[in-house]
Amino acid sequence: MKLLETINKHENEPTDYAERPTVKAIVVDENNNVSVFSGLLLGGGVEEGETIEQALHRECMEEAGITIEIIKSLGIVVQYRDEIKKRYKVHGFLARLVGEHEAPTTEQGDEIGKTTEWLPIDKVRTMFEKRIRELEVITGEGFANDAHQGKLYNTLTALTFLNEATK
């Protein structure tokens with residue numbers, strides 16, 4: 001997979017950062033709408049022993065109750081999360097919805113009850129761009145907070161994958 005972007009790039013590669021492989025997907029339905037899970041793309045961490053493709057299928061079922069077919073790899077975005085000393089290697093994919101929606105299977109407390117929307121691509125792009133502008137105005141201690149960095153970096157990553165998918 002090609003490297004699309006590095007977010008919060010360091011001059012020298014940190015040697016004490018834990019590696020965290022993750023997956024994200026631009027999932028489109030038959031009307032070319034994109035799935036948005038709680039304001040972001042479907043996806044999450046790759047578990048021990050899983051391939052990135054297996055992780056993506058699992059995450060889509062857990063978060064949205066959907067089965068997907070991977071169309072193509074979009075590339076990789078690397079995020080350096082300084083507060084928690086992690087290097088996220090986010091693998092992006094373009095996928096399409098197949099079959100019917102089922103009940104999400106997540107058992108993660110912070111994901112239970114969150115919804116998946118299917119929105120037109122342009123509306124998703126505008127939503128991501130607006131959120132980035134809102135998050136970028138926060139500076140200082142608020143920005144150093146990992147929850148804030150995570151929201152900003154994940155939205156930047158989502159927009160990068162959306163732009164790559166629509167080239």
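Predicted model: local features only at pLDDT ≥ 70, side-chain atom pairs only at ≥ 80, totals over all residues.

Colleague: Why does the pair of Glu 164 and Lys 2 tie together parts that are apart in sequence?

Modeller: The idea is to look at where each partner sits. Glu 164 belongs to helix α4 (residues 146–165), while Lys 2 is in the segment before β1 (3–7), so the bridge joins parts 162 residues apart in sequence.

Colleague: How far apart in helix α2 are Asp 122 and Arg 125?

Modeller: They are three residues apart in helix α2 (residues 121–136), which means a separation of about one helical turn. Asp 122 is exposed, with a relative accessible area of 56%, but Arg 125 counts as buried at 17%.

Colleague: Which residues are linked in a network of salt bridges?

Modeller: Here you follow shared partners from bridge to bridge. Glu 47, Glu 50, Arg 58, Glu 59 and Glu 62 make up such a network. One of its bridges is Glu 50 to Arg 58, with the closest N and O atoms 2.6 Å apart. Arg 58 is buried, at 16% relative accessible area. The total for the model is 12 salt bridges.

Colleague: Now the cores. How many residues has the largest nonpolar core?

Modeller: First the general idea: in soluble globular proteins, nonpolar side chains tend to be buried together. In this model the largest nonpolar core has 25 residues, and Ile 26, Val 34, Val 124, Phe 128, Phe 161 and Leu 162 have the most contacts inside it. At least two residues each come from β2, β3 (33–37), β5 (67–81), β6 (86–98), α2 and α4. The largest share, eight residues, is supplied by α4.

Colleague: What is Val 34 in contact with?

Modeller: Beyond its neighbours within four places in sequence, Val 34 has contacts including Ile 26, Trp 118, Val 124 and Leu 162. Another core, of 15 residues, lies apart from the largest one; among its members are Val 27, Leu 42, Cys 60 and Leu 97.

Colleague: Which elements have the lowest and the highest mean pLDDT?

Modeller: Helix α3 (residues 141–144) has the lowest, 60, and strand β2 (residues 18–28) the highest, 98. The chain averages 91, with 90% of the residues scoring at least 70.

Technical notes. Residues numbered from 1 in each chain as written. Heavy atoms only, no water. pLDDT = per-residue confidence, 0-100. Helix = DSSP H or I, 4+ residues; strand = E, 2+ residues; numbered from the N terminus. Salt bridge = Lys/Arg side-chain N within 4 Å of Asp/Glu carboxyl O. Buried < 20%, exposed > 50% of the residue type's maximum accessible area, 1.4 Å probe, protein only. Core = buried A, V, L, I, M, F, W, Y, C linked by side-chain atoms within 4.5 Å. Contact = heavy atoms within 4.5 Å.
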